[in-house]
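Please read it alongside the sequence and the coordinates.

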Amino acid sequence: MNTTARSKKAAPIWLFFPPPQKRSPKSSNLPPSGAGTGLSGGALARTGGLMIVFARMNRILSIDPENQRAVVQPGVVNFDLTLAAEPHGLYFAPDPSSQKSCTIGGNVAENAGGPHTLAYGVTTNHVTALELVLPDGEIVRVGSTQGDAPGYDLTGLFVGSEGTLALVTEITVRLSPKPEAVKTLLAIFDSVDDAAETVVDVTARAIIPAACEMLDGWTLRVVEDFVHAGFPRDSAAVLLLEVEGLAEAVAGQAAAITEACNAHRARKVRVARDNAERELLWKGRKNAFGALGRLAPSNYVLDGVIPRTKLPQALRRIREIGHRYGFDIANIFHAGDGNLHPIVLYDPRDKGQFERAMQASAEIIRYCVEAGGALTGEHGIGMEKAELMPLLFSDADFDLMRRVHDAFNPACLLNPGKIFPLSKGCGEIRLRAKSSAHVSVA
Amino acid sequence: MFNASANFVARLESAIGASYISGDPSVCAEYVVDEISPSIVAKPACAEQAAEIVRFAALEKLGLIPCGNRTKLEIGMPPSRYDVALDMTGLNKIAHYDPGDLTVSVDAGAGFNDLAAPLYKQKQFLPLPVPFYFESTIGGIIASGVDSALRHSYGTARDFLIGAEFIDGTGHLCKSGGRVVKNVTGYDLHKLLIGSLGTLAVINRLNFRTFPAAPVSRGFVISCRTSEDALAFSNLVERSPLRPASIDLVSSQLLQLFLQAEKNSPEPPASPLQGKFPADSWHLCVSIEGTSEVCERASREFARLISLPEAKHTQLVTLNEAEGADLWHYLGQSIPLLLQASPTAGIFKINILPSRLGTLLQQLSGLAEQASLPQTVLARACGVVYLALLPPSGEQPLLYRLSEAAAAVFSLCTSENASAALPWCPTQLKRQVNVWGSPRADFALMRRLKAAFDPQDLFAPGRLF
């Protein structure tokens with residue numbers, strides 16, 4: 001069960017699983033979900049209704065190595081596409097931590113990211129065309145296989161629209177060539193501040209690693225006990241950095257990163273000796289959320305973003321908020337692009353704790369916004385953060401988003417109650433939820 | 001109509017201030033779009049003023065075209081209504097620049113060069129050396145959707161535009177995205193502004209991710225007898241471990257234009273490009289960015305590639321930093337050079353899968369020959385072709401030939417599953433040819449979006465649809 005499911009509960013009345021050959025549901029009030037790994041409640045049936053589960057539409061329709069393109073159904077698991085592209089020396093760059101179970105349809109809905117988006121961008125940067133089903137049953141294609149067609153960038157609008165505008169039934173993605181060389185570095189620090197200052201310094205030195213992840217001491221000890229990735233249990237923080245590209249470029253960047261780490265008192269900078277060690281380090285990073293489940297009955301993962309130069313003060317502020325509300329807050333996040341994942345550990349059986357956990361989380365998100373950041377870097381707004389949207393957007397912004405929404409989904413059939421605060425969304429969804437079916441996407 | 005215009009001018013002057021509004025025909029004539037002159041030119045000094053002007057246009061149902069330095073204003077169909085030119089060059093400040101965060105927020109009316117200078121001081125840049133960039137505004141570059149050679153490695157503006165502020169058709173200031181490099185909060189409305197030609201909203205401010213400038217770059221030019229040979233070499237480069245910043249194929253006629261421009265330059269370079277390349281060849285121009293070690297490695301890789309049996313080239317030239325800068329400057333400014341040499345040129349932009357480039361180039365060449373029109377080609381290895389058909393003058397029979405050729409190019413592109421547009425051509429041709437080519441299936445959805453942003457169809461009506 002994911003965090004959102006723990007903090008927000010909602011169930012559909014019906015589930016529908018379109019088979020692979022049923023490319024496009026025709027009815028207006030039918031089919032959408034994927035693997036259910038989302039962390040913002042985007043795939044929850046908030047108002048009951050009918051949930052379309054895309055898990056069976058899981059075919060890779062084509063791989064075109066020459067043009068570095070693939071066409072997939074929405075239920076294809078993210079990592080399965082990389083495995084299929086591997087014999088051609090290609091891979092699918094977006095790599096959410098859940099990439100071995102999350103679907104590409106879900107990645108498209110939430111515009112998912114992952115550790116390597118620092119260099120390669122989020123899902124939208126790798127999607128060139130979509131087949132969509134509109135609420136009236138019309139099937140349309142937007143974008144083009146080659147990308148950059150004349151007119152408005154509809155693909156850019158629909159990716160990340162969280163299933164509120166249309167159902168996605170086919171996705172054309174860009175595949176990336178595997179780099180000649182990869183170096184993975186583990187920098188070990190005795191102070192969280194030093195690790196955070198190193199991240200700022202790496203960017204200031206004009207180095208853009210492929211990934212730059214941070215685990216604080218609390219997290220890395222739990223992960224180490226669970227995964228045995230080789231994180232030193234007595235350190236205050238580690239940075240997991242990766243550089244990729246031409247061997248000469250990688251060597252130069254690794255040396256410059258090591259220099260930056262040493263300038264900020266890194267205890268040690270270790271370079272993974274081989275693929276096995278590299279994979280182990282990444283296993284530690286990508287299984288961290290699972291490991292944290294050993295510590296508390298529940299946890300709440302945030303996804304706020306801050307300008308990366310503000311990382312040191314942001315981590316101090318999160319610590320302070322945690323102390324004030326009486327929670328341990330673990331930090332494991334995409335440090336390189338300022339995408340924080342503070343994890344509030346709490347016991348949902350204690351109602352008071354749950355309320356305090358939500359208050360602490362809201363305070364952290366408000367801080368991100370005040371610091372010039374955003375509510376979400378990769379998980380999406382879903383139903384989880386919808387009520388926080390007014391922190392960033394004005395009534396005029398909502399009016400325009402509403403008109404864009406209504407241009408495609410005027411009757412609010414698709415995924416009602418998501419992205420928009422209830423007071424600014426489909427006005428009457430709470431009433432309608434009891435009387436008619438709605439469609440939710442994952 | 002004159003009285004109505006005078007009335008509008010007087011009311012706008014009273015609402016905004018006389019110094020920001022002009023109804024002077026000689027001023028309006030500077031803002032002509034496809035031979036249509038506006039009756040009012042408004043040049044606001046702040047976003048609120050711009051919004052006030054939009055609200056006025058909405059009230060009076062006036063057609064309004066936002067613009068910057070007007071270097072690319074001819075892109076699109078002739079406007080169906082054009083009453084107000086909204087000149088945004090009065091909004092020209094850099095609002096935020098955070099070098100440590102690699103982000104910048106800039107007013108739409110700021111000049112590209114005015115932004116490039118402070119970025120350069122921090123050894124950063126924005127990868128948008130698009131046609132006319134040296135006299136373009138940032139807002140104009142985004143609204144026109146033009147690309148540059150650097151898209152090969154940095155992508156297009158959609159990959160690094162992270163947020164925007166704009167005025168919608170109801171006259172409200174809106175925003176989308178933000179100032180952080182990773183952000184999925186709300187709909188990505190700012191992406192829709194790219195290439196929208198001012199039809200959706202008036203862009204007020206744009207936020208970008210910036211990039212560190214590479215310390216060293218090196219250019220390689222591989223000359224081949226045919227375009228097929230050059231594209232085959234391009235495939236060799238793409239399959240190598242190298243990750244070039246750009247790969248562009250230049251036809252012999254286009255290279256001649258570069259050399260002519262160099263010859264006419266008021267400050268001839270110390271090391272001219274003249275005489276370096278064989279005539280009657282296709283030239284594959286590859287730029288490499290990185291450290292000196294990376295560039296050295298690239299030199300070794302090219303030495304290896306030219307020794308392969310499948311490499312059918314006639315010459316490889318390695319350019320030093322200054323020569324490379326010259327060549328890529330001309331390459332980036334191909335379109336202004338072409339329009340200067342042949343003002344009645346028809347220049348197509350075609351997007352096609354890279355594997356189909358070779359076939360397409362051959363067929364395009366055949367079409368140009370059939371029409372007896374001189375042609376030049378600039379083709380990006382990532383699948384973008386700029387085909388220029390160059391009638392020697394704007395006489396009617398030649399225009400007819402251009403029109404016939406345009407229909408044939410659009411038809412060919414449809415059959416090749418390529419998307420094509422004719423961004424630059426004489427206004428007279430637009431009376432015979434839809435510059436957006438064959439109607440696309442998703443145009444109906446675009447119309448819905450246009451109605452959502454601009455319910456009264458005030459912004460650049462008729463230019464896209």
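In what order do the eight strands of the open sheet in chain B stand? The order is S15-S12-S14-S13-S17-S18-S16-S19 (chain B), and the pairing is antiparallel. Strands S15 (315-319) and S19 (419-424) of chain B stand at the edges with a single partner strand each, so one side of each has no neighbour in the sheet. Direction ignored, neighbouring strands of this sheet are turned by 20° against each other on average.

This is a predicted model, in which local features need pLDDT of at least 70, side-chain atom pairs count only at pLDDT 80 or more, and totals for chains, interfaces and linings use all residues. Residues are numbered from 1 along each chain as its sequence is written, while chains are lettered from A and ligands numbered from 1 in the order in which they are written. Helices (H or I, at least four residues) and strands (E, at least two) are DSSP runs numbered from the N terminus, and two strands pair if DSSP finds at least two bridges between them.

**Sheet and helices**

Strand S16 (residues 346-351) of chain B is joined to S19(B) by four bridges, and the two run antiparallel. Within this pair, Lys349(B) stands opposite Ala421(B) of S19(B).

Axes are lines fitted to C-alpha atoms, for helices over the stretch in contact, with angles from 0 to 180 degrees between N-to-C directions.

**Chain and domains**

Chain B holds 16 helices and 19 strands. Its radius of gyration (over C-alpha atoms) is 23 Å, close to the 23 Å of the globule rule (2.2 Å times the number of residues to the power 0.38) for 465 residues, so chain B is as compact as a globular protein of that length. Along the principal axes, the C-alpha atoms of chain B fill a box of roughly 70 × 55 × 45 Å.

An automatic or database assignment sets the domain bounds: chain B is divided into domain 1 (1-213), domain 2 (216-264 + 271-332) and domain 3 (335-440). The centres of domain 1 and domain 3 of chain B, taken over C-alpha atoms, are separated by 28 Å. Between these domains of chain B, 13 residues of domain 1 are in contact with 12 residues of domain 3.

Key: Two residues are in contact if their C-beta atoms, placed from the backbone, lie within 7 Å.
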